[in-house]
Amino acid sequence: MSLTTPTRRAFLQGGAAFFGTANLMGSTALAALDPNSFRDRAFHATHYGPFEAVVRDGKLVGVNAIMELDARPTEMLTYGVMDRTYDKSRINYPMVRKSYLEGWETGDTKPELRGKEEYVRVDWDTAWSLTAKALLDTATNHGNEAIFSSSYGGWSNAGSFRPNVLQGRLINLIGGCTNTAGDWSAGAGQVLLPRVIGDMEVYSGQTAWEVIRDNTEVFVLVGCDPIKNNRIEYRVADHGMYGPWEQIRDAGVKFISINPQRTASDEYLGAEWVKVVPNTDTALFLGMAYHVLENGLEDREYMDKYTVGADKWIAYVKGEDDGTPKTPAWASAITGIDEAKIKELAELLATSNTQVAGSWAIQRAQHGEMAYWSLVNFQALTGKIGKPGSGVGFSWHYGNGGMPQSGARTPVGMSQGRNFIKKVVPASRITEALENPGKEFFYNGFTNTYPDIKMIFNAGNNFMSHQQDTNRLIRALEKVETIVCVDVWWTAATRWVDIVLPAASTLEQDDITSGGTYSNDKVYAMKKVIEPVGESLPDYEIFEGLADKLGLWAQFTDGEDKMYHIKLAYEASGAAAETPFKEFWEKGYARMPVPDAARKWTRHSEFYNDPEGSPLHTDSGKIEMFSESISAMDIDDCPGMPVWMEKHEYLGNAKEGQLHVVSPHPWFRLHSQMDQSEKLRALYKVQGREPVRINTQDAASRGIEDGDLVELYNDRGTVIVGAVVSDDIMPGVVSLYEGAWPSLDSKGRCNSGLVNFLTSTQRSSGLAQATTANTVLVEMRKCEDPEGPNMAYEKPAIIEDMEIAAIDDEAVGAERLEALTEALYADMSPGEKMFFERCTVCHAPREVTHYTRQQWKGIVPSMFERAGLEESERELVMDYLMKNAADAN
């Protein structure tokens with residue numbers, strides 16, 4: 001380091017100005033709820049809810065829910081948070097895979113031994129040095145595009161200073177990297193819907209619940225389970241929609257659930273369960289559309305005023321262009337629903353004030369775009385979209401959709417800065433990209449090429465658990481030179497990597513966040529509750545130390561500590577106008593008012609009330625029942641309107657004995673988070689394995705009883721799971737929660753039950769290149785030879801006392817950075833700076849080049865709402881987006 005370059009070490013030695021944070025960190029206005037108890041408590045907030053942490057002698061001993069903020073806390077909060085904090089699966093020290101540590105100088109690192117050999121405990125300086133060297137080696141030898149970030153979404157941490165955001169800030173300081181495009185949650189929907197209805201929709205607020213209660217007659221849940229999935233949130237869950245769901249139900253709204261299995265929401269809301277063959281929702285809505293047309297129940301005036309392309313789609317429905325009318329009888333043969341029932345549903349939905357809620361699950365399938373589009377077209381055909389109490393929505397199950405929105409600013413994050421690398425890898429295409437460097441692929445209207453990935457950096461993301469066909473991924477990873485993972489626990493993502501950087505849990509660091517995901521009516525302090533376990537460090541300090549190794553400490557930190565940035569983040573929020581930072585931090589939260597008008601808001605109502613003055617952000621300004629732009633792309637598996645297309649594997653072409661696997665979100669986890677909690681596992685695991693729901697007939701024909709271990713298998717892999725025999729799932733279908741931690745036995749079977757050992761890498765379509773995790777066939781048999789207990793939650797083999805020579809700073813080669821970046825840096829425009837500070841800390845999107853100008857016009861309304869941008873700020877960001885979008889010249 002030069003004498004003129006500030007460093008982390010000098011900053012710490014000089015004594016940072018903490019502006020009084022030390023006397024704030026342990027305080028909370030709620031500490032005296034019980035006047036007879038000790039006062040060592042601290043406010044904190046997580047994806048599972050806000051709470052008061054009870055600490056004794058420096059150790060977390062209790063988690064107290066706060067009724068005024070969350071009246072319905074779940075077991076994930078009351079059991080799981082404390083359970084996992086001190087779990088044996090914690091990563092206590094920096095770790096390096098043995099062969100990588102031995103061969104880092106020669107390059108003989110034996111990547112084929114990932115997942116098989118021991119890790120070596122090292123100090124932080126060694127871990128930072130090896131990581132910094134790998135970043136610089138990769139950028140110098142192969143270009144920055146060879147660095148791939150699998151970190152997206154930020155679900156690991158509810159705070160504004162999520163590890164993926166911090167990683168993005170650091171790597172962009174060295175010129176950037178290849179990023180993940182889209183996501184796993186709703187990858188098909190978020191690409192399609194802006195072109196069809198002018199908004200990303202999957203991350204957009206829903207019609208206010210009071211409007212639904214007072215106007216809706218029929219509420220249709222298409223694969224949608226809001227009671228289960230709203231147990232967690234992207235930010236902080238407060239379960240605010242549970243009471244309103246009860247009011248909607250008790251007001252007499254009729255609920256219909258179209259699903260291969262009966263759900264918690266069906267029980268809670270008294271829904272009528274309509275069994276449907278998985279992946280056939282498109283055929284159902286086409287069959288209903290035919291019956292609507294045959295009986296003159298369509299709304300021609302609505303279509304003429306609010307849609308384009310209706311006649312082309314109607315001609316397809318009637319069979320005029322392919323000779324196959326999409327009759328209820330035709331749909332019945334595909335969906336498994338009686339013809340009479342399809343007719344009954346069509347008439348009921350067409351003649352009632354009907355709200356349709358589509359889950360993300362139905363688009364996680366081959367041709368998933370068609371499923372979403374068919375819901376939109378049916379509701380447009382019957383004239384529903386934009387009217388009070390009716391329409392279509394795709395996030396009723398997420399973020400407590402239906403809660404009125406404050407429209408207030410939320411706390412800002414740290415700007416990630418400009419990424420100079422424009423290559424992308426769609427979220428579900430990682431394996432394909434690793435196997436096919438240089439291969440062309442089509443995504444969202446543009447032709448791209450896969451980079452030659454030499455390094456993967458993964459922070460706060462369990463890509464090994466959510467990527468399809470895990471065995472294929474493990475093989476593909478052997479070509480990667482270095483994989484780095486920042487994590488708190490020994491998740492799947494850490495067990496196939498070279499360098500493991502142990503992060504402190506959120507309870508062991510300060511942060512700030514907001515809640516809920518859509519209501520945005522509260523700002524929460526995520527106060528440090530206990531000291532970091534072992535030698536783990538807060539995410540900020542991990543990336544601060546790595547920045548120091550690269551000579552970028554001042555640029556990364558702006559010369560300030562994290563609490564300085566937290567205070568800035570709060571002061572940019574809507575809460576700061578009423579509540580000073582010190583008062584907020586002491587209390588733990590601040591409220592932001594929700595305007596009365598938000599309680600009467602209907603999704604798409606502005607367009608419905610004034611289609612010319614408030615057009616949709618589609619090419620036509622209207623609902624695109626047929627899209628000329630998508631049709632012109634000439635994609636063989638995604639035509640310009642919703643049509644029925646055969647799946648490569650589903651019950652319609654299954655061999656005898658094959659079953660269709662669906663993999664919904666778990667009840668007691670957030671994806672893979674909380675799987676290591678022993679108390680939670682005791683509530684649902686079967687003989688220590690992931691439970692699989694099996695129809696009574698399917699179980700009996702195979703000699704399987706409730707509680708047995710069974711094997712699900714296909715040519716991609718085998719998993720061992722525990723049988724839950726039930727009549728609440730249709731024959732031919734089994735349901736296995738996604739997100740289990742994997743553990744391979746001597747035969748290569750996952751002895752824990754991770755469903756992605758079974759899923760395929762088939763894309764949704766050439767438009768979105770999204771996951772098809774719910775398009776899977778398997779066979780099933782009783783497991784006769786399980787190998788001992790599930791070892792997924794044990795630490796890998798670790799060498800604690802290996803002698804390691806210190807790595808000299810010259811070996812890192814930080815001086816190479818200047819040559820890499822000298823031509824890259826330019827002043828960011830105000831709009832660009834605001835976009836990366838305010839807009840990219842949310843679930844999606846992250847990069848301006850991932851979407852077209854027209855798509856951005858559809859995305860920004862809900863994005864600006866979450867970011868709380870004022871009109872002048874919105875104009876600055878829009879100017880930046882329009883000048884730098886995928887199709888900007």
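**Notebook: barrel, hairpin and cavities**

I began with a closed barrel of six strands in the order S24-S28-S25-S27-S26-S29, in which the pairing is mixed. Direction ignored, neighbouring strands of this sheet are turned by 45° against each other on average, with axes taken as lines fitted to C-alpha atoms. The model is predicted, with local features requiring pLDDT of at least 70 and side-chain atom pairs pLDDT 80 or more, while totals for chains, interfaces and linings use all residues. Residues are numbered from 1 along each chain as its sequence is written, and side-chain values use heavy atoms, without hydrogens and water.

Strands are DSSP runs of E, at least two residues, and helices runs of H or I, at least four, numbered from the N terminus. Val692 has Leu736 in S28 as its bridge partner.

I then turned to the hairpin of S15 and S16, which has two residues between the strands. Asn444 in the turn has a positive phi of about 55°. The two strands are antiparallel over four bridges, and Phe441 is partnered by Asn448 in S16.

Last, I examined the largest cavity, whose volume is about 170 Å³. Of its 15 lining residues, the closest to its centre are Ser149, Ser151, Gly168, Asn179 and Gln416. A cavity is a set of points on a 1 Å grid over the protein atoms alone where a 1.4 Å probe fits but cannot get out, and lining residues have an atom within 4 Å of a point. Volume is the space filled by probe spheres set on the points, which are joined across faces, edges and corners. H5 (163–173) supplies the largest share of the lining, five residues.

Methods
Pairing = 2+ DSSP bridges. 1 Å grid on protein atoms, 1.4 Å probe; cavity = no way out; pocket = protein on both sides within 12 Å on 5 of 7 lines; lining within 4 Å. Axes fitted to C-alpha atoms, helices over the stretch in contact; angles between N-to-C directions.
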